[in-house]
Amino acid sequence: MEHEETQRKKVETQQKLEQLSQNHVLVATLIATVAFAAGFTLPGGYKNDGSNEGMATLAKKAAFTAFMVFNTLALLLSTYAVFLHFWSIFLSTSLSKEYDLISVVRPTLACTFFAILAMVAAFISGTYTVLSHLPALAIPLCLLGCIFYILCIYFLQSAYRRLVNDGHRHFITFVFSNIFSADVSRSYTN
């Protein structure tokens, strides 16, 4: 009886992790698509004449540099999350061995989360880049964009408190101690 209950919980957990992994790859793919497009449709556009034809119009602005850094970070993190998802499929099908899905979900969650943060920062810096000549508009819009980070902190704090109050301190310790450790040797068992 206990064995059947344990097996049922194991199957339910595996299904939840698979759904979570599919959601991560969808979000990561959308972020990668947006970041890739933003990397070629630059804020301010391109120069159309002279020796600098084809160069970014606003390339010398510090806000443009910040935009490019954050956009590239969002693209790379989200692409890495997608790669990890496809790598996990390879491990589970091509090698026909069991693998520990949590070892894939942890880093994809971290990459997707930080890609979202970088994407918002790219949007804020891109907005400032094109509107810096209108500080009365640029600054309030950038501050409005920063509200996203305040909401993220609030959400994370409330989720943390809820988990602690519900007695899931061991889960929190597990997540925070393992979120960046993608131990390849645990990805599949012999």
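1. **Basis.** This is a predicted model: local features need pLDDT of at least 70, side-chain atom pairs count only at pLDDT 80 or more, and totals for chains, interfaces and linings use all residues. Numbering runs from 1 along each chain as its sequence is written, and side-chain values use heavy atoms, without hydrogens or water.

2. **Fold.** The chain has 5 helices and 0 strands. Helices (H or I, at least four residues) and strands (E, at least two) are DSSP runs, numbered from the N terminus. The pattern along the sequence is α-α-α-α-α.

3. Of the 190 residues, 31% count as buried. Buried means under 20% relative accessible area, exposed over 50%, partly exposed in between (1.4 Å probe, protein chains only). The chain exposes about 12,500 Å², and carbon and sulfur atoms supply 69% of that area (Shrake-Rupley method, 1.4 Å probe; for residues, only the protein chains shown count as cover). Among contacts (heavy atoms within 4.5 Å) between residues at least 6 apart in sequence, 71% join residues at least 24 apart.

4. **Helix 1.** Residues 2-40 form helix 1, with 39 residues. Its first and last C-alpha atoms are 57 Å apart, close to the 57 Å expected (1.5 Å times one less than the number of residues). Its buried residues include Leu-17, His-24, Ile-31, Ala-35 and Ala-38.

5. **Second largest pocket.** Its volume is about 150 Å³. Helix 1, helix 2 and helix 3 (102-131) each give two or more residues to the lining. Helix 3 gives the most, with 5. The lining divides into 9 nonpolar, 3 polar and no charged residues (Ala, Val, Leu, Ile, Met, Phe, Trp, Tyr, Cys and Pro count as nonpolar, Asp, Glu, Lys and Arg as charged, the others, Gly among them, as polar). On a 1 Å grid over the protein atoms alone, a pocket is an open set of points where a 1.4 Å probe fits, with protein on both sides within 12 Å along at least five of seven lines; lining residues have an atom within 4 Å of a point.

6. **Asn-71.** This helix 2 (residues 62-93) residue is among those lining the pocket, as are Ala-35, Ala-38 and Ala-122. Asn-71 counts as buried because its relative accessibility is 7%. Leaving out residues up to four places away in sequence, Asn-71 touches Ala-35, Ala-38, Gly-39 and Ala-122.

7. **Ala-138.** Ala-138 sits in helix 4 (residues 135-165). It counts as buried because its relative accessibility is 0%. Beyond four places in sequence, Ala-138 touches Tyr-128, Leu-131 and Ser-132. Tyr-128 is 10 residues away in sequence and 5.4 Å away in space, C-alpha to C-alpha.

Methods: Points joined across faces, edges and corners; volume = space filled by probe spheres on them.
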